[in-house]
Amino acid sequence: MIQEQLPTEIQEYLEKQSDYQNDFEHLYTKDGFIETEGLIHKTVISYYMGKNILLKGPTGSGKTKLAETISAIYQKPMHSINCSVDLDAESLLGFKTIREQDGKSVIEFVEGPVVQAMKNGHTLYIDEINMARPETLPILNGVLDYRKTITNPFTNEVIKAHKDFRVISAINEGYIGTTPLNEALKNRFVIFQVSYLTGDQLKEVIRAQTKLTDNQTIEYMAKLADELIEETKKGKVSEEAASTRALLDACDLAVYLTPLTAIEHAISEKLDDEREKSFVMNLAETYFKE
Ligand SMILES: Nc1ncnc2c1ncn2[C@@H]1O[C@H](COP(=O)(O)OP(=O)(O)O)[C@@H](O)[C@H]1O
Ligand SMILES: [Mg+2]
């Protein structure tokens, strides 16, 4: 158990953490990140210390899973925002709406994820924070600053975060071709690199999260993934080819389809380049026969 290796103070703190809130039932997360390179240990300590955590890693490497696991360990609801879509101040902070009350219309403010997480002392997960638009940066800076205070421009309310409020962010920073994170933002984080799982740990995830049970197929799928990761690092094939998420899809499909068909649809077809597609299939054919 990961908890037993934590400093005593943190273990004691965790034992006291079970103020289950029904209103946020849907935001409680499950654990399940398989410990690799002491990531859970280090991030759980950083969370306890009140640090903003930034997880860097390629797509499908387990960043969201790790964030969910940290939040689950602290038994905190996790509010998520994704900066890659058209994220504006309203989707972060909330919006005004009109409600009928005793025959009269009253204006009400519906709190968004940032405000709810700050006030209730929950986890705020900010995905693809490097994609945030310049207009939203001042809000994010306020949330990440040690003062943890923002002024809601829609209500003029000054919101000071609950002492348990924590931020975990993720950026899709792979081995090659990355969008750098604004320096002022980066400065506010402690940073952890999350890499694709390999070998025995990857097999453990396949067994835990897919329906595939055939040992030989699991063995070869994991070997293929290890090779794809190496090729990705060399720049031979784009990073999505090595995604753990894609591999898990392939493993599920391989329960009923041939492994090659599974790999074609879960991995190869995601790539844009025809040469890369054939490269993946050729590699797969060294393990599996049609
Ligand atoms: N270390 C790990 N332990 C458990 N599951 C993992 C791990 N790494 C990846 N996964 C699995 O791989 C898939 C993609 O992970 P996810 O967290 O969505 O990736 P990311 O957020 O980095 O794109 C999920 O199904 C996740 O459960
Ligand atoms: Mg994710």
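This report walks through the domains, sheet, hairpin, ligand shell and a few single residues of the structure above. Please keep in mind that the model is predicted.

## Two domains

Let us start with the overall layout. The protein chain splits into domain 1, residues 2-193, and domain 2, residues 199-285. Taken over C-alpha atoms, the centres of the two domains lie 31 Å apart. Where they meet, 10 residues of domain 1 are in contact with 12 residues of domain 2. On the domain 1 side of this meeting place there are four nonpolar and six polar residues, and no charged ones.

## The open sheet and its helices

Five strands form an open sheet with parallel pairing, in the order β2-β5-β8-β1-β9. Strands β2 (78-82) and β9 stand at the edges with a single partner strand each, so one side of each has no neighbour in the sheet. From one strand to the next, the twist averages 20 degrees.

Strand β1 (residues 52-57) runs parallel to strand β8 (residues 166-172), and five bridges connect them. Within this pair, Leu 55 is placed opposite Ala 170 of β8. Helix α2 (residues 39-48) packs on the sheet and touches β1, β8 and β9, and its direction makes about 170 degrees with that of β9. Helix α5 (residues 113-120) also packs on the sheet, where it touches β2 and β5 (123-127); the angle between its direction and that of β2 is about 150 degrees.

## The hairpin of β3 and β4

Here the strands run antiparallel: eight bridges join β3 (residues 94-101) to β4 (residues 104-111). Phe 95 sits opposite Val 110 in β4. Two residues lie between the strands of this hairpin, and Asp 102 takes a positive phi near 50 degrees.

Glu 108 is a residue of strand β4. Is Glu 108 buried or exposed? Glu 108 has 12 other C-beta atoms within 10 Å, and it is therefore exposed. Leaving aside residues up to four places away in sequence, Glu 108 touches Thr 97 and Arg 99. Leu 144 is 36 residues from Glu 108 along the chain, and their C-alpha atoms are separated by 27 Å.

## Around ligand 1

The shell around ligand 1 holds 18 residues, and the closest are Ile 34, Gly 62, Lys 63, Thr 64 and Lys 65. The elements that give two or more residues to this shell are α3 (63-73), α8 and α10. By class, the shell has five nonpolar, 10 polar and three charged residues. Which domains supply the shell around ligand 1 with at least three residues? Domain 1 (2-193) and domain 2 (199-285) each do.

The buried residues in α10 are Thr 244, Ala 246, Leu 247, Leu 248, Ala 250, Cys 251 and Leu 253. They pack against α8 (199-209), α9 (215-234) and α11 (259-266).

## Residues in loops

Glu 128 is partly exposed, because 19 other C-beta atoms lie within 10 Å. Lys 148 is partly exposed, with 19 other C-beta atoms within 10 Å.

Another loop residue is Asn 187, found between α7 (183-186) and β9 (189-193). Why does Asn 187 count as exposed? Asn 187 counts as exposed because it has 11 C-beta neighbours inside 10 Å. Arg 245 is 58 residues from Asn 187 along the chain, and 30 Å separate their C-alpha atoms.

Notes. Residues are numbered from 1 along each chain as its sequence is written. Chains are lettered from A and ligands numbered from 1 in the order in which they are written. This is a predicted model: local features need pLDDT of at least 70, side-chain atom pairs count only at pLDDT 80 or more; totals for chains, interfaces and linings use all residues. Helices (H or I, at least four residues) and strands (E, at least two) are DSSP runs, numbered from the N terminus. A residue is buried if 20 or more other C-beta atoms lie within 10 Å of its own, exposed if 12 or fewer, and partly exposed in between; C-beta atoms are placed from the backbone. Two residues are in contact if their C-beta atoms, placed from the backbone, lie within 7 Å. Domain bounds come from an automatic or database domain assignment. Ala, Val, Leu, Ile, Met, Phe, Trp, Tyr, Cys and Pro count as nonpolar, Asp, Glu, Lys and Arg as charged, and the others, Gly among them, as polar. Two strands pair if DSSP finds at least two bridges between them. Axes are lines fitted to C-alpha atoms, for helices over the stretch in contact, and angles run from 0 to 180 degrees between N-to-C directions. A residue is near a molecule or strand if its C-beta atom, placed from the backbone, lies within 6 Å of it.
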